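Dear colleague,

I am passing on the structure we spoke about, and below it you will find my notes on what turned up in it. Please read them with the structure open beside you.

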Amino acid sequence: MPVTRLIIVFLMLGSFALVFAELVRRSEDMSFRPAPSASRCGDAAGTPCPQRSL
């Protein structure tokens, strides 16, 4: 019985780790797309960003 609980806990933690890794990967992909324009302007560069017309 303790072995079964250990296996269940291990599987739950493993699946949580996989889901968390996928979420981190997707958030990194989303944050890297606007990075080139964001690095050229704004508070970090000291220059104002151009406003997009709607």
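Does R26 count as buried or exposed, going by its relative accessibility? R26 counts as exposed, because its relative accessibility is 53% and the cut-off for that class is over 50%. Please keep in mind throughout that this is a predicted model, and that the values below are computed from it.

To begin with the overall picture, the protein chain has 2 helices and 0 strands, and of its 54 residues, buried ones make up 2%. The chain exposes about 5400 Å², and 70% of that area is supplied by carbon and sulfur atoms.

Charged pairs come next. Side chains of opposite charge can pair when their charged atoms come close. In the whole structure, the search finds 2 salt bridges. In one of them R25 is bridged to E22, with 2.6 Å between the closest N and O atoms; these two residues are 3 apart in helix α1, so about one helical turn separates R25 from E22. A salt bridge also links the side chains of E22 and R26, at 3.2 Å from N to O, and here the two residues, which both lie in helix α1, are 4 residues apart, again about one turn of the helix. Through the partners that these salt bridges share, E22, R25 and R26 are joined into one network.

A pair of aromatic rings is described by the distance of the centres and the angle of the planes. The structure holds 1 aromatic pair, and in this pair the ring centres of F16 and F20 are 6.2 Å apart with the planes at 20°, so the two rings count as stacked. F16 and F20 both belong to helix α1, where they are 4 residues apart, about one turn of the helix. F16 is itself exposed, its relative accessible area being 58%.

Finally, there is a nonpolar patch on the surface, which is formed by V3, I7, F10 and L11 and has about 450 Å² of accessible area when the four are taken together. Of these, L11 lies in helix α1, which covers residues 2-32, and L11 is exposed, because its relative accessible area of 55% is over the 50% cut-off.

How values were computed. Residues numbered from 1 in each chain as written. Predicted model: local features only at pLDDT ≥ 70, side-chain atom pairs only at ≥ 80, totals over all residues. Heavy atoms only, no water. Patch = residues over 30% accessible without salt bridge, like charges linked within 9 Å, V, L, I, M, F, W, Y side chains within 5 Å. Areas by Shrake-Rupley, 256 points an atom, 1.4 Å probe, with all protein chains shown as cover. Buried < 20%, exposed > 50% of the residue type's maximum accessible area, 1.4 Å probe, protein only. Phe/Tyr/Trp six-rings, centres within 6.5 Å; stacked < 30°, edge-to-face > 60°.
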